[in-house]
Amino acid sequence: MGKNTIEKKVLAVLTTNPSKVAGGVPIFIFNTEDEVQQRMRMFESILGGMGHQIDPEVYVVVRH
C-alpha cells in the first residue's frame, strides 16, 4: 500500500477580524476587506499558493 500524504497546506490566513482565527499558521490582520484583497495577490506570489475566501472576513492562502 502507498503512503497517505497531504498535498494541500494552508500557508497563511488574512483577516479583518482576528477573533475569528487562531492556529499554527501565520495570521495577518488588516483594517478593511479592500486591504486584504490588495495584499492577497502579493501573498499568493510570495508563498506560491492560491487565495480563497472562507467568509467575508477571513481568507486563506493554500498550496495545492
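Me: What is the bridge partner of Leu 14 in β4?
Reply: In β4, Leu 14 is bridged to Tyr 59. This is a predicted model, where local features need pLDDT of at least 70, side-chain atom pairs count only at pLDDT 80 or more, and totals for chains, interfaces and linings use all residues. Residues are numbered from 1 along each chain as its sequence is written, and side-chain values use heavy atoms, with hydrogens and water left out.

Me: Which residue in β4 stands opposite Lys 9?
Reply: Arg 63 of β4 stands opposite Lys 9. Strand β1 (residues 9-15) and strand β4 (residues 58-63) pair in the antiparallel sense over six bridges. Two strands count as paired if DSSP finds at least two bridges between them.

Me: And how many bridges link β3 and β4?
Reply: Five bridges, again with the strands paired in the antiparallel sense. A hairpin of two residues joins β3 to β4, and Asp 55 stands opposite Val 58 in β4.

Me: Nice. What is the order of the strands in the sheet?
Reply: The order is β2-β1-β4-β3, in an open sheet with mixed pairing. β2 (27-29) and β3 (50-55) are the edge strands, each pairing on one side only. On average, neighbouring strands of this sheet are turned by 25° against each other, direction ignored.

Me: Where does helix α1 lie?
Reply: Helix α1 (residues 33-47) lies across β1, β2, β3 and β4, and runs at about 10° to β4. The axes are lines fitted to C-alpha atoms, for helices over the stretch in contact (heavy atoms within 4.5 Å). Angles run from 0 to 180 degrees between N-to-C directions.

Me: What pattern does the protein follow along the sequence?
Reply: Along the sequence the pattern reads β-β-α-β-β. Helices (H or I, at least four residues) and strands (E, at least two) are DSSP runs, numbered from the N terminus.

Me: Switching topic: how many residues of β4 are buried?
Reply: Five of its six, so β4 is mostly covered. Buried means under 20% relative accessible area, exposed over 50%, and partly exposed in between (1.4 Å probe, protein chains only). In the protein, buried residues make up 28% of the 64 residues.

Me: Last one, how many positive and negative side chains are there?
Reply: There are 7 positive and 7 negative side chains, and the centres of the two sets lie 12 Å apart. Lys and Arg count as positive and Asp and Glu as negative, while His and the chain ends are not counted. Each charge is placed at NZ of Lys, CZ of Arg, CG of Asp or CD of Glu.
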